[in-house]
Amino acid sequence: MNMEALKSALALLFRNRLAGFGAVVLSVVVLVVLAAPLLPIHHPDLTNPANRLLRPFSTNHLLGTDHLGRDLLSRLIWGTRLSLVVGISASIIAAAVGAFIGIVAGFFGGRTDNLIMRGVDMLMAFPYILLALAIVAVLGPGLINALYAVAVVNIPFFARNIRGVTVGIAHREFVDAARLSGMGSWRIIWSEILPNVLPVIVIAISTTVGWMILETAGLSFLGLGSQPPQADLGSMLGEGRKLLINAPHASVVPGVMIFVIVMSVNLLGDGVRDALDPRLRSGALARPAPVTRIDRETVPEKIESNALLDVQNLHTHFEVGERVYKAAGGVDLRVDPGECLGIIGESGSGKSVTALSLLGLVASPPGVIKAGSVRLDGKDLLSTNFETLRSIRGSRISYIFQDPLATLHPLYTIGDQMIEAIRCHRPVSKKEAMTKAIQLLEKVQIPNPKARIGSYPHEMSGGMRQRVGIAMALANEPEIIIADEPTTALDVTVQAQILALLSDLRRQRDLALIFITHDFGVVAQLCDRVAVMYAGKIVEVGPTEEILAHPAHPYTMRLIDCVPELGGGKRKLSAIAGLPPAVDRLPDGCAFAPRCDRAEEDCRLGTLATTPAGTSRSVRCLHPSLEQI
Amino acid sequence: MTPALDVQNLSKTFGGGTSFFGKAQPAVHAVRSTSFQVLKGETLGIVGESGCGKSTLARMLVGLLPPSEGKIVIKGQDLSGMVGNAAAFGRVIQYVFQDPISSLNPRKTVRQIMEAPLIHLMGMDAAARKARIDELFDAVNLRREFLDRYPHEFSGGQAQRIGIARALAASPQIIVLDEPVSALDVSVQAQVLNLLDELRTAFDLTYLFISHDLAVVEAVSDRIAVLYFGAVVEVGMADEVFANPRHPYTQLLASSAPAVGRPLMPATDGSAELPDPFNPPPGCAFADRCIRVQKECRGTVPQLGHDGLEHQSACFHPIENGRRER
């Protein structure tokens, strides 16, 4: 890990106050016990029967003395030192052996995995304290043997954890790539698997050290760990137990120390886990608001039109730390009733963000709508309250997403999910909703809908699942369906069927369709008008046929050229040099200028407005190709 | 002329065998007896939809998966017995992965990733490795300063170039490209495809180009093999296979590809799905979806001819002169 990553991990760790508190407490304890030989304290084993069982705060003995007159403060410090060493060593041994077993089982899989993991299961079948007792009974009492016992008892925990992680990593493509690079299995384990498993091992250690210290103390408490006169926390507790009534301080003092150590270790461990977990780091656990945060200074003036949906100057930004990603940087869209509008663009061009912004579905944080309006029948959706917006979601405007396996709930039948979608917006009985659901499945041409309605999503093929997705989008007879790459994950033959279905449905029901895609072929077959997006802005919009035949914006022109079409034979493909710009540092002027062969000086200045081109088209370019229009 | 790669009756069955108690286990025939040849310097395109066995086939060809039966002959040498000995495969045949980012270990620098094949396959010393890596990075148009960065710092197109450079490192004769551009944006896709074409000439390579995108396959391939349900159903010259398909499945594929200026096909009901892989039909796997199906199609499996170089189809009733309607 390099310095920067370490810094950010530490910053994350201390953002969790409790973890910071744990770290401070633990550091103090560790510093004190490390300094034990230097501290002006009595020898821990020095007996002085004359001064036995002195209370705390006696002169010369801050925490009092035990039944043999030994100084409790000194025994506490030395005992804590011993307990920490044993607990941490046991964790490291258990982690090393457990991780080795887990990696080997997970990596080799098959029979090796089966044999090893069944052995581990057997080890787990014994109650841990019984197993530890048995091990100590065989090896004989003693601190080192207790250490081994605690380590062995905890190996299964590590082995199972690490095996699970390894199975996931062993099937990643870079492991195959390493094999093809000529590496042997053991070398792959060492140099490819281990570095990726290491964070998990550290997390597992950090969350178990406290537990291990407790277990060692438990064995010592039973007299199987450290032997007199050597002090550790467990044996001090054991000795103090007999005097609990007469001299409670002899057991309370080590007890409080055990509590302090285990608490601080666990708080710190949780913090470490959160800081190392990549999902938490990316802020995935921040609960998104039900509506995207809206932070507009002004609402654009309403323009009178007969459009069903009118989007003006929509700005959706993602604010991550210092950076502002302008995912949608001023989008204007208009959809008429019954019209199909295609939005085409590459990944990161802002087409999905635009679609999600319409109903405030962009996750906030980090998403914010900074400007613009979304008017449905002339009413601004971004100004309405959550209840109104919620009643529109899924009823007047509904969505179809790319991967129905990810959007359908895996634990409910598709029938249950469709009934829920219907009853969410309409007060009908379950039975009526069921009848409606079956009709919908028929509409999307799912064979044998009565039987299929009881299926779970995983029991259906991708094409079938997407039909269910379409049926759910139709459930409440929407006026607009927004389809976000609904066929990208499907095979061509299935894609053709789904497109035909969508096309038929929209004509039958006079639906408006916003179809997001990166495929010009699909747009040409399905859409009346098309909007081309680049770096968060629409660069060209107009009737599909005209744009495909005579693109005016250089980006549209070049993008069409990039897409090979069937029937052209073997050929060199035209490419666009360079990469789309990052939307957190867009250049001045036209975002496409650095890649454009028509770019001139004025393209790199100020902001570009769209200009009308012909009767029904507009283009955001200073030097468009307009000959044909 | 000896082919660069000669695949003979290659098949792969997953599962099967008997359980601990002697009960027969279900088996999936991922790749059914498949034979084809790839000539030196040519690009053979392999198309098929999900579940047709293209990835299984690719993994067998590079030695990542042991075949159940059949031979993989490269330059006259049968390699099918050497699976697990990645070095034997790695020096002659290499692989470019679909997902460029996940094929690079996130915890290694690009230099460490590039050095692996040079150390383990070529046994080069440090100076020779440095020279070779510089040469490879020039070949794929990447700047040398990228070498000390980690994979997550790269865009998909750049990461795929690194993947290609790694595949080239051990100077293989054949490269299996498994959907090398399907994770990339169209504007970047063409850059990578053109780079691959330049490299093929520069390093005298033979390609197997696997993809589900018919237009891309047609644009880069000399010949194309169409896979359906684990078997090659049609093979022929690239400009012939989709323009003049013989197998009804190829025709369905070609007419399904969305294209500017062609109307949508009429919506059919969704019954058209692959047969159950645990219980393959006794006859042609496409019979249930085929409009030309006749009695014999359901009884015996149609076979491809033996000489795999001409335009052939595994069909009892191939489409004669079936110019695709445009």
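Predicted model: local features only at pLDDT ≥ 70, side-chain atom pairs only at ≥ 80, totals over all residues.
Local features require pLDDT of at least 70 and side-chain atom pairs pLDDT 80 or more, while totals for chains, interfaces and linings use all residues. Residues are numbered from 1 along each chain as its sequence is written, and chains are lettered from A in the order in which they are written.

A residue is buried if 20 or more other C-beta atoms, placed from the backbone, lie within 10 Å of its own, exposed if 12 or fewer, and partly exposed in between. Beyond four places in sequence, Ile514(A) touches residues including Val335(A), Leu341(A) and Ile480(A).

Between the chains, 65 residues of chain B are in contact (C-beta atoms, placed from the backbone, within 7 Å) with 59 residues of chain A. The largest share of the chain B side, eight residues, comes from H6(B). By class, this side has 33 nonpolar (Ala, Val, Leu, Ile, Met, Phe, Trp, Tyr, Cys and Pro), 13 charged (Asp, Glu, Lys and Arg) and 19 polar residues (the others, Gly among them).

Helices are DSSP runs (H or I) of at least four residues, numbered from the N terminus. Of the 16 residues of H4(A), one is buried.

Glu153(B) lies in the loop between helices H4 (126-139) and H5 (156-169) of chain B. Glu153(B) counts as exposed because it has 10 C-beta neighbours inside 10 Å.

Note on methods
Contact = placed C-beta atoms within 7 Å. Helix = DSSP H or I, 4+ residues; strand = E, 2+ residues; numbered from the N terminus.
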